[in-house]
Amino acid sequence: MNPDKSSTQPRILAIETSCDETALSYLVGLEAKSHHIHSQASLHAEHGGVIPNLAKREHAKNLVPILSLVFKDIFGNEIQQASGDNNNIDGATISIVETELSRAEGLFNSLLSYIRLISHQDFLKIKDSIDAIAVTYGPGLEPALWVGISFAKALAAIFDKPLFPINHMEGHIASVIAESVESEQKNEISKTKIEFPAVSLLISGGHTELVLATSWHEYTILGHTVDDAVGEAYDKVARILGLPYPGGPEISKLAQLAQSQTDTEKIFALPRPMIHTNDLNFSFSGLKTAVLYAVRDRLKENNATDLTQEEKIALASEFESAVIEVLISKTKKALLENGAHSLIIGGGVIANTAIRKAFETLTTNELDIPLYLPEKNLSTDNATMIGIVAILQYINGKTGLMPATLEFENLKAEGNLKL
Ligand code: KG4
Ligand code: ZN
């Protein structure tokens, strides 16, 4: 597949490394022509959560191999291998790249050797197929963000392209208008016509926020969690039940088993934290503690050392019901109070089938407003959503940061970046 040269759509190479996924995508307009994610989840699983420096090391190791996969997707096997010594990078660029990558173990050498192996003709072809580079610069784990930013700066310098620093949470919002390579429904232009003002619910491992979007790029935070994020609660409850990280999919699978069980006796009753408060904030830490106590009490009562499978299913189901009731109640309040014309939901937790269904029912049967959800593979962290935000900015006339400018040099990871 060759990128369409006559296309007037912006062509973006996007990079995401804010947590434990190393992801690169190449977009032409809203369509991802190439979309790759390498998850480190199994590596971090033995530690029960993400270790920032391990994440950074893994990103550094995997970025060049993933970049080569992206170029293969774009150009097939057409890229010629050169002898290794060519004119792709001049001395001045090498020193920028070396400075950027000096602290990212091995990344300078692997990137330089990879770029040098591309024939000069193909190097120019690649250069001609990219309008800008996009990268997540926050929020997230700083060592992990930092390696992605350095890599993006190195590529921007090598190909002499502008760099778009992107907010990861804006990426989750914009993920609903992406068209991934796996997508069956291409070019749904209607999806880009989001009805503003929109309320956006962001539910991930690090965030739980209700945001009012009056247009793309204009956001006001309406409410947020005062302690743990929803995904974090899923992960912690999974750990209590002896299930691996990330816990969301595990709890969700258990809870689904409850739906098919005929025995409806309710073994556990958990609280719905802050459901009746007058604000749009959430709290999930108390819910996790309630699960801990429920397990302890049940074991004591039955003089047991572990929950039975039936008890685990009942607990997962009750936990998920509590989460859903709170999310629905607060989101409904936010929609009504702000006269929102649509609801957008983004973040890893919206991969959850029961949560998706509950919001479909709310928006269709009760409120009669459009609901925008990302495709399931774009719910958790990916680079396509980062590219989409860059595309929206590009179309809006933003120019990005040019290599060798002060702004470019000063770009840093912002672990606590807000919308
Ligand atoms: O957005 P994301 O990939 O990373 C962050 O930016 O945090 O979200 C990851 C979170 C994890 O906490 C994971 O347990 C949760 O999303 N998650 C789920 C499901 N799939 C992933 N939670 C509930 N149900 C799921 N099916
Ligand atoms: Zn995320």
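I began with ligand 1, one of whose oxygen atoms lies 3.0 Å from a polar backbone atom of Gly-248; I count a polar contact as a pair of N or O atoms within 3.5 Å. An oxygen atom of ligand 1 is also 3.0 Å from a polar backbone atom of Gly-348, and for Gly-231 the distance is 3.2 Å. I then looked up areas, using the Shrake-Rupley method with a 1.4 Å probe: ligand 1 exposes 560 Å² when taken alone, and the protein buries 89% of that.

I noted that this is a predicted model, in which local features need pLDDT of at least 70, side-chain atom pairs count only at pLDDT 80 or more, and totals for chains, interfaces and linings use all residues. Residues are numbered from 1 along each chain as its sequence is written, chains are lettered from A and ligands numbered from 1 in the order in which they are written, and side-chain values use heavy atoms, with hydrogens and water left out.

Next I listed the surroundings of ligand 1, taking a residue as near if one of its heavy atoms lies within 4 Å. I found 18 residues around ligand 1, and the closest are Gly-205, Asp-235, Gly-248, Gly-348 and Asp-381. By class, the shell divides into 5 nonpolar, 11 polar and 2 charged residues, where Gly counts among the polar ones and Asp among the charged. Helix H7 (168-174), helix H8 (230-240) and helix H9 (247-260) each supply at least two residues of this shell; helices are DSSP runs (H or I) of at least four residues, and strands (E) of at least two.

I turned to the rings, which pair if their centres lie within 6.5 Å, and counted 7 aromatic pairs. Phe-71 and Tyr-114 form a stacked pair, 6.4 Å centre to centre with 15° between the planes; stacked is used for planes under 30 degrees apart, edge-to-face for over 60 and tilted for the rest. This pair links distant parts of the chain, since Phe-71 is in helix H2 (residues 52-75) and Tyr-114 in helix H4 (residues 107-116), 43 residues apart.

Which peptide bonds are cis? I found one from Phe-196 to Pro-197, with omega near -5°, and another joining Tyr-245 and Pro-246, with omega about -5°. Pro-197 lies in the loop between H7 and strand S6 (198-203), whereas Pro-246 lies in the loop between H8 and H9.

Last, I noted that Met-274 has a positive phi of about 60° although it is not a glycine. Most residues other than glycine have a negative phi, and most peptide bonds are trans.

Technical notes: Polar contact = N/O pair within 3.5 Å; in protein donor to acceptor, adjacent residues only side chain to side chain. Phe/Tyr/Trp six-rings, centres within 6.5 Å; stacked < 30°, edge-to-face > 60°.
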